[in-house]
Amino acid sequence: MSDDVGKQLERHLPDSAQARLQSLKLNDGVATLVLDVTGLDGLERDRMEIAVKDALRSAPGVCEVRVAMMGEKRARNIIAVGSGKGGVGKSTLSANLAVALARAGIKTGLVDADIYGPSQARLMATEGARPQATAEKKLVPVQSQWGVPMLSMAHLASPGQAIAWRGPMAGNALSQLIDADWGDAELLVVDLPPGTGDVQLTMLQRFKPMGAVIVSTPQDLALMDAARAISLFDQGKVPVIGIVENMAGYACPHCGEVSDPFGAGGAEKAAAEMGHAFLGRVPLDIAIRQASDSGTPLAAGEGPQADAFADIARRVATWVANQRQPQAALG
């Protein structure tokens, strides 16, 4: 088809379709066009297809109209939350980070990648929920009441069931959770198990995260293990967004005096020494423990603890936005 014929046919299209036109061909009376419908929902796509067919059927030389629609697949970025050892509050941080990001307007999902010791179902009050599956046999995440869709092995296994799997099975389980039908979620917070084992390696090999958040207490031993976690992400060429210092300072509920049972400032100092950002500190507070046990993330409410999580989420969101800027023209 000549350029002149193409321009003539293009003029018959509605302005909205002209703006999305990728190609237009006419062969033996059949007009075939490709439209980029990125960002349109199903109803809007149907309306555009009807409008285009109605417009081109009246064009000279057109007997049949065929419309192909293409859409940019939404980039779903992964933020891995890791630690070198257990017991540093990584899962609590992951849950509250996801809720705080959602409150900030970012469509966020939460993956509990601790296959052997899942805890997010309790933290997010979704115990007992069971995910459905799509026709393509993809899991449909469970909807928490905090605006964060989520998946955990706790949603797939019987309560209290021991997950006695070897590494490859755990890796396949992780893939099933991350490859789920996350809808319009644009960011997945993935709560990794402690250490640097099979699940972490599967994550790096199959689902390279956009960045990693490292959680540690101020204690020297925890910081040594955090450094190992950072080394793993460095080897996988995953940028470390920054370090969070958890259990930083305990205010006595009776006298108000602040003590530091795990030390103070260690994670911030370690971040500076390793050249990583310090994302903030979360206090050692009985309210966080009580909220976690009751499935009520403090990030969903108000108060100093919620503010601590919100500040960390804000820094993570700023980092994510800065990484996306070079790709802004695509989305």
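A residue counts as buried under 20% relative accessible area, as exposed over 50%, and as partly exposed in between. This cut-off is applied below to a predicted model. At 44% relative accessibility, Asp293 is therefore partly exposed. Arg289, at 47%, is also partly exposed. These two side chains form a salt bridge, with the closest N and O atoms 3.2 Å apart. Both residues lie in helix H10 (residues 286-294). They are four residues apart there, which means a separation of about one helical turn.

The overall make-up of the chain comes next. The protein chain holds eleven helices and 15 strands. It has 331 residues, of which 45% count as buried. Among contacts with a separation of 6 or more, 72% join residues 24 or more positions apart.

Eight strands form an open sheet with mixed pairing. Their order is S8-S9-S5-S10-S4-S11-S12-S15. Strand S8 (142-143) and S15 stand at the edges. Each has a single partner strand, so one side of each is left without a neighbour in the sheet. S11 and S12 pair in the parallel sense, over five bridges. Ile214 has Ile243, in S12, as its bridge partner. Helix H4 (residues 90-103) lies across S4, strand S5 (108-112), S10, S11 and S12. Its direction is at about 170° to S10.

Nonpolar packing follows. In soluble globular proteins, nonpolar side chains tend to be buried together. The largest nonpolar core in this model has 37 residues. Those with the most contacts inside this core are Ile178, Val190, Leu192, Met203, Ile214 and Phe233. H8 provides the largest share, six residues. Phe233 touches Ala80, Leu192, Leu204, Ala212, Ile214, Val238 and Val240, leaving aside residues up to four places away in sequence. A second, separate core has 33 residues. Ile79, Val88, Leu110 and Val282 are among them.

Charged pairs complete the picture. Side chains of opposite charge can pair when their charged atoms come close. Eleven salt bridges are found in a search of the whole structure. One of them joins Asp54 and Arg57, at 3.4 Å from N to O. The two residues are three apart in helix H3 (residues 42-57), and so about one helical turn separates them. Asp54 is partly exposed, with a relative accessible area of 49%.

Another salt bridge links the side chains of Arg281 and Glu268, at 2.8 Å from N to O. Arg281 lies in strand S15 (residues 278-281), whereas Glu268 lies in helix H9. The pair therefore ties together parts that are 13 residues apart in sequence. Arg281 is partly exposed, with a relative accessible area of 37%. Glu268 is partly exposed as well, at 38%. Through salt bridges that share partners, Glu245, Glu268 and Arg281 join into one network.

Technical notes
Residues numbered from 1 in each chain as written. Predicted model: local features only at pLDDT ≥ 70, side-chain atom pairs only at ≥ 80, totals over all residues. Heavy atoms only, no water. Core = buried A, V, L, I, M, F, W, Y, C linked by side-chain atoms within 4.5 Å. Buried < 20%, exposed > 50% of the residue type's maximum accessible area, 1.4 Å probe, protein only. Contact = heavy atoms within 4.5 Å. Salt bridge = Lys/Arg side-chain N within 4 Å of Asp/Glu carboxyl O. Pairing = 2+ DSSP bridges. Axes fitted to C-alpha atoms, helices over the stretch in contact; angles between N-to-C directions.
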